[in-house]
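Hi,

Here is the structure I promised to pass on.

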Amino acid sequence: MGTLKKPFNTRAALAVTGILAGALCTRAAIPAKPPDTAPAVARGGMSHWSLSPLVKPAVPVVGPASNPIDAFIRARLVEKQLAPSPEADPRTLLRRLSYDLTGLPPTPEEMDAFARASLEPDRAREAYAAQVDRLLASPRQGEHWARHWLDVANYADTHGNDHDYARPNAWPYRDYVIRSFNDDKPYARFVQEQIAGDALFPDDPQATVALGFLAAGPWDHTLMVTVREDTVDHRSAQNLDRDGMVSATMGTFQSLTVHCARCHNHKFDPITQREYYGLQAVFAGVDRANRPFDTDAGTHAKRRRLLAEQRALEQGDGPTLARLESPEARQKVAAWESAWSRREELWSPFDIISIVSTGGTSLTRQPDGSWFANGKRPDRDTYVITAHRRAGRLGAVRLEVLPDERLPQHGPGRWDNGNFHLSEFRAFAARPGAGENATPLVFARAAADYDEGPAISAAQAIDGKNDTQWGVHPRYGEPHEAVFEVKDPVVFPEDTTFTVILEFQDGVPGHGIGRFRLSAGDTTPDLAVVKPLSPDLSTLLRVPGAQRTSAQCRELALAVLKAENQHALADLPAPQSVYAVTRDFPPDGDNFKPSPQPRPIHLLVRGELAKPGELIGPGTLGCLPGMPRELEIADPSDESARRAALALWLTDGRNVLTWRSIVNRVWHHHFGRGLCDTPNDFGKMGGTPSHPELLDWLAVWFRDEAHGSLKALHRLIVTSETWKQTTLARQGAATDSDNRLLWRQNRPRLSGEQVRDTILALSGQLDPTMGGPPVVQFISHGDATFMSGGNPAFLDYEHFDPDAPAARRRAIYRFLFRTVPDPFMDSLDCPDAGVPTPVRGVSTTAVQAFAMLNDAFLIRQCGHLAARLAAPDVAPETQADLAFRHILLRDARPDERVRFAAYIKVHGLANACQLLLNGNEFLYLD
Amino acid sequence: MSAHTFNRRDFLGTLGTGLGGIAMASLMQREAFAAVPPPHLPKARRVIQLFMTGGASQCDLFDYKPQLIARHGQKFDPGAGVRVEATVSVPGALMKSPFEWAQHGQCGRWVSSALPHLARHVDDMAFLMAMQSLSNVHGPASYLQTSGFQLPGFPCAGAWVSYALGSLAENVPAFVALPDVRGLPYNGRSAFTSGFLPANHQGTVINASAAQPMTHLQPPAGATHITPASRAEGLALLRDMNAAHAAERPDDSRLTARIESYELAARLQLSAPELLDLKGETDATKRLYGLDQAETSDFGKRCLLARRMLERGVRFVQVWSGHGGGGDNWDNHADIPKELSAAARKMDQPAAALLMDLKARGLLDDTLLVWTTEFGRMPFTQGNSLGRDHNGGTFVSWFAGAGVKPGVALGKSDEWSWKAVEDVTTNHDFHATILHLLGIPHEKLTFYHNGINRRLTDVHGEVIRGLLREG
């Protein structure tokens with residue numbers, strides 16, 4: 001029976017003592033009086049190790065250590081009369097290094113070459129350095145280290161909570177992290193971008209993508225969108241939403257648990273409740289939503305200019321007013337007006353031969369060439385129109401929808417309120433003699449005089465989807481029109497038969513068009529001109545030019561400039577979206593909408609919404625030596641200025657926590673445990689660093705000499721003698737069995753991602769494609785229309801095809817479903833993204849044994865691996881050798897060869913490969 | 001605290017499970033040796049929780065209100081200036097229950113005609129008539145009932161119990177969840193998560209009606225190269241290989257633990273088919289649980305499986321009635337007469353059967369049976385429908401079995417069954433009481449996470465003394 005020790009998780013042991021110590025946050029201990037009566041410093045803030053001034057300690061002089069890390073580590077070992085362990089053998093070392101930096105093993109060939117080079121003393125060091133360089137330069141490095149970062153950022157591809165809807169635009173942030181690590185972005189910049197990239201680096205579109213950090217954690221769709229805005233539940237959700245941003249920021253970059261000060265002053269650390277709400281105020285202007293960005297810097301710059309112009313036109317400030325009366329504006333108006341007056345000349349009617357409704361609607365021709373729908377009103381309908389027109393180029397098709405007194409609300413739709421839903425607009429052309437072979441006309445763009453909304457617009461009628469549509473609610477009883485621009489227009493001869501199809505198939509019943517007219521244009525029209533006018537402007541245009549007042553002239557000029565601006569914006573390539581924080585997004589229903597100004601933040605007595613205290617402005621913590629508690633914000637009404645100020649405060653060279661926090665985090669991943677073993681908690685409840693001087697030396701070195709280069713930090717650590725030590729326990733077991741002093745290296749178990757990626761690399765199936773939307777590795781059953789917001793149901797990971805292309809990507813690119821994680825990865829302790837995971841658990845369970853034995857993906861890949869290694873007729877001994885060489889990266893010992901050969905002979909190589917993958921030698925890194 | 005210093009191992013020992021159970025527990029739970037000082041002897045050794053997904057309507061099942069019947073159809077007016085907050089709708093008129101009310105048992109509990117089977121057992125139950133939830137919304141309210149917090153990431157009660165006590169036998173997990181055949185509850189698998197506790201404490205999900213009820217229990221059907229012989233010989237080879245590897249690394253107990261984990265897996269694999277196979281149950285038992293009727297067969301089968309699991313040493317079983325999707329659960333927004341009767345019919349007979357069966361087998365003496373939901377429903381209609389919107393203001397849960405005082409009802413809601421007004425209890429009190437009956441002081445069961453020693457009961461919770469049987 002094993003009393004399982006956990007060399008990598010001493011917090012659990014502390015938890016046990018926690019039980020004895022009693023609960024810390026007890027009801028009795030909550031102060032009844034209002035908080036913030038005790039200033040931080042008075043409560044002893046500065047004396048705590050993490051808040052003491054950051055001074056670079058002198059490197060101890062201990063023997064021949066050339067790497068300062070070794071000097072600090074050995075100085076402590078000498079004190080305790082311990083000796084460092086010898087360097088691990090080359091095969092162990094390269095396997096460890098490769099997993100540590102890239103999450104993948106070396107190939108057998110790389111291993112052999114390195115082992116050979118290491119035999120020659122004068123080449124060994126150089127060979128090792130070359131491997132470090134190779135692995136740090138590999139794009140696999142960013143993929144692997146991004147996973148560590150995303151654990152802390154709490155990233156996933158769904159919102160979490162009860163309905164757990166998908167977040168289809170989360171992934172650009174994941175790719176941003178990978179790219180940042182591969183590009184070795186200086187850490188200060190990396191921090192700044194994730195808090196306020198939009199404000200601090202407006203010219204770099206990727207800096208906006210970085211804001212995905214603040215939105216990466218769970219978000220309650222039901223509370224924020226469905227539940228009424230005026231309820232306690234909704235307001236509480238907003239409060240917790242900001243709390244999430246504050247905790248993520250301060251936990252990740254400061255290693256502080258400021259969220260403990262939401263209901264009262266922090267019980268252990270010098271953080272007041274007032275300061276906590278000051279931090280909430282920093283994020284009071286943003287919500288989590290999709291945020292557009294341009295991948296191309298040129299487009300990004302152009303869009304910024306046009307959006308600035310748009311704002312100026314909307315606001316009508318001084319320069320804009322002057323511009324409206326400029327000769328340039330007058331010229332534009334004149335050109336536009338002349339094009340407008342010739343507008344009708346662009347269009348010629350189709351000569352309609354037949355018109356059929358599949359739903360049984362009667363369509364009758366009207367004197368003006370339009371068609372009127374009456375009779376049966378089917379749930380779904382499609383009008384199929386066959387027509388001719390004169391010979392000529394076909395540049396555009398126009399659909400006019402017209403009011404009629406016989407229609408509900410005078411139309412133009414057939415539904416009770418006068419609306420219609422045109423789900424698709426399609427057209428085909430059959431040249432004379434083509435018979436039935438009609439060619440589809442491809443439409444490049446669509447524009448209408450009025451769209452119900454950005455998601456219910458003419459563009460939705462040509463998107464190939466039947467569940468999206470064009471509608472005109474609530475503008476009934478007036479004519480509207482949509483123009484569909486043909487892509488790459490050509491000339492059609494006179495007898496060409498055109499078929500135009502209007503579909504009302506989105507499932508919303510009875511939403512056919514009540515009266516319409518179709519016409520065609522030869523030229524590709526300028527949509528800015530073609531796009532029909534608003535009624536106000538139509539009235540204005542009927543006033544002859546000379547009789548217009550100067551106000552009317554200005555109004556017209558404004559409309560023309562706005563149209564030009566809109567057209568230019570529409571002409572830009574569609575932006576991508578990232579799920580991030582933003583103050584500008586289309587409202588989702590009545591309850592979730594942006595706040596034009598930062599929301600007012602009150603200190604909440606005991607954290608209760610019903611007890612709002614004083615109004616708190618943006619601010620930060622006062623417990624950092626030499627750092628102001630106040631944030632310098634020129635214009636607090638500009639929410640992004642608040643975030644920018646916090647970003648600069650966080651990355652200030654004097655901020656002792658920022659630098660200590662990151663070097664400790666990196667150390668944690670290289671040694672399986674941080675110098676301080678609570679990477680998200682440097683407070684009094686957190687761990688005490690085992691080597692405080694080393695931590696400070698690294699922090700200062702990283703800030704001042706490495707200039708925030710994470711690759712330089714990795715290199716410094718993995719080239720130290722300390723890191724290269726063997727894991728085998730020797731003399732220290734008695735005095736320091738927990739290895740806090742690092743007299744040997746720790747022995748990590750491979751993570752779920754490392755196991756999965758390795759299996760693919762071994763089987764030859766790994767698809768190295770980087771980035772892009774997440775790959776879905778499950779089947780969804782029942783009514784789980786999970787991508788468009790259905791209900792949760794069983795997600796089936798077990799029966800997903802292990803050979804599907806999606807199964808072959810690296811694990812970092814998996815679709816991470818917060819509430820229904822992949823059971824295989826789950827059994828290997830991949831976090832479920834419910835809370836940030838600065839330190840992963842490492843469990844040993846029967847469930848894990850089951851997964852390694854019976855998982856369909858693993859079993860199938862073992863088949864591929866076996867087929868790749870050897871044909872079945874190869875001698876079993878050779879097969880055994882190959883399996884050891886590839887999976888364990890060493891030769892089989894004679895006894896192993898005999899036993900495995902015997903096993904292979906009866907049960908085949910695939911079974912043998914799976915055994916080796918189940919072995920501790922594979923799963924643990926010496 | 002008692003003068004005796006108990007550690008968890010002694011504590012388990014007092015439960016008579018012997019060392020085998022501890023060995024297993026230590027493997028199933030890495031952090032096995034949490035020292036839980038028992039201030040009192042546990043009354044309950046195991047728990048079954050029946051969870052009504054969606055918010056079961058207290059005022060249509062247990063909370064009889066003559067005023068609601070008298071004022072049926074009138075506008076709801078709780079008094080000047082009192083705000084009526086519905087979650088997703090506009091409050092309609094007061095609506096009496098469409099079901100008939102009658103008093104039952106010696107204790108005279110009111111139960112509506114929607115639950116004819118359970119009504120016969122009120123003398124075995126102890127009711128919490130004034131439960132209250134901080135949230136009116138499924139996600140957070142369900143989390144409050146499962147983990148004690150409104151947010152994701154916190155361990156569920158079953159995981160805490162697994163962490164504190166482990167299971168009672170060496171070949172079963174400590175915490176099992178039996179989701180509805182139609183799908184997972186709100187919050188998906190997070191409803192059975194171990195949160196920041198070690199992964200081995202999460203609920204083992206058993207899909208009772210699936211061809212493969214447990215994930216990874218068997219190799220996939222298509223893997224024909226895996227045979228009983230390839231497995232048996234392979235596992236022997238693996239054990240030797242791992243043993244040789246561990247022998248060179250004697251300091252690392254994780255390596256031997258992994259060897260043991262394969263042995264435990266083998267035992268689980270052997271015991272699971274028997275556990276899930278209902279062949280050994282008599283026809284009378286199957287009929288009792290409603291396995292012979294389409295409506296009751298799914299919940300009935302899972303209740304019966306729950307009993308079998310308890311018999312084999314599982315510590316905490318959750319049986320879910322309804323899934324998290326719209327309809328087919330207790331979230332009856334549109335039509336109480338139709339939707340609620342359907343949900344009730346599926347649950348009523350099997351739940352009553354479970355209670356009777358546990359009692360008949362003597363298991364109820366040391367098993368706690370808990371019936372719960374995430375919140376109640378409004379006494380008025382949702383708009384003009386016959387449905388009711390969410391109501392965190394008051395709802396009903398009941399306990400039965402080990403250590404529970406039978407036939408009592410604690411707390412009261414107001415005259416409409418709108419808000420709890422007397423002896424109000426919360427999820428924290430509810431969890432504190434469950435832990436208490438298991439012999440665990442709820443303030444003492446903690447785990448450090450991100451700056452705080454976390455508890456199932458957060459910083460709240462009082463054991464509901466009125467619910468406990470004396471002695």
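Before the details, one term: two residues are in contact if their C-beta atoms, placed from the backbone, lie within 7 Å. Also keep in mind that this is a predicted model.

Which residues does A:Ala883 touch, leaving aside its neighbours within four places in sequence? They are A:Leu869, A:Phe900, A:Leu909, A:Ala912, A:Cys913 and A:Leu916.

A:Ala883 also turns up in the largest nonpolar core, which has 172 residues. Along with A:Tyr173, A:Val258, A:Val663, A:Ala912 and A:Cys913, A:Ala883 is one of the residues that touch the most other members. The element that gives the most to this core is helix H28 of chain A (residues 856-869), with eight residues. Apart from that core lies another one, of 115 residues, and its members include A:Val835, B:Ala130, B:Val317 and B:Phe399.

Next, chain B as a whole. Its secondary structure comes to 13 helices and 19 strands. Its C-alpha atoms fill a box of roughly 80 × 55 × 40 Å along the principal axes. For 471 residues, a compact globule would have a radius of gyration near 23 Å, and chain B agrees with that, because its own value is 23 Å. Buried residues make up 61% of the chain B residues. If you take the contacts in chain B with a separation of 6 or more, 75% of them are between residues 24 or more positions apart.

Now go back to chain A and find A:Arg74, in helix H2 (residues 68-79). Is A:Arg74 buried or exposed? A residue counts as buried if 20 or more other C-beta atoms lie within 10 Å of its own; A:Arg74 has 23, so it is buried. Leaving aside neighbours within four places in sequence, A:Arg74 is in contact with A:Val62, A:Gly63, A:Ala65 and A:Pro84. The C-alpha atoms of A:Arg74 and A:Leu741 are separated by 8.7 Å, although these residues are 667 residues apart along the chain.

Last, a helix pair in chain A. The axes of helix H16 (residues 327-341) and helix H19 (residues 550-571) come within 9 Å and cross at roughly 80°. That makes H16(A) roughly perpendicular to H19(A). On the H16(A) side, the contact is made by A:Ala329, A:Lys332, A:Val333 and A:Trp336, while H19(A) brings A:Leu556, A:Ala557, A:Val560, A:Leu561 and A:Glu564. By class, that contact has seven nonpolar, no polar and two charged residues.

Cheers

Definitions and conventions. Residues are numbered from 1 along each chain as its sequence is written. Chains are lettered from A and ligands numbered from 1 in the order in which they are written. This is a predicted model: local features need pLDDT of at least 70, side-chain atom pairs count only at pLDDT 80 or more; totals for chains, interfaces and linings use all residues. Helices (H or I, at least four residues) and strands (E, at least two) are DSSP runs, numbered from the N terminus. The radius of gyration is taken over C-alpha atoms; the globule rule is 2.2 Å times the number of residues to the power 0.38. A residue is buried if 20 or more other C-beta atoms lie within 10 Å of its own, exposed if 12 or fewer, and partly exposed in between; C-beta atoms are placed from the backbone. A nonpolar core is a set of buried Ala, Val, Leu, Ile, Met, Phe, Trp, Tyr and Cys residues joined through C-beta atoms within 7 Å. Axes are lines fitted to C-alpha atoms, for helices over the stretch in contact, and angles run from 0 to 180 degrees between N-to-C directions. Angles under 35 degrees count as roughly parallel, over 145 as roughly antiparallel, 65 to 115 as roughly perpendicular and the rest as oblique. Ala, Val, Leu, Ile, Met, Phe, Trp, Tyr, Cys and Pro count as nonpolar, Asp, Glu, Lys and Arg as charged, and the others, Gly among them, as polar.
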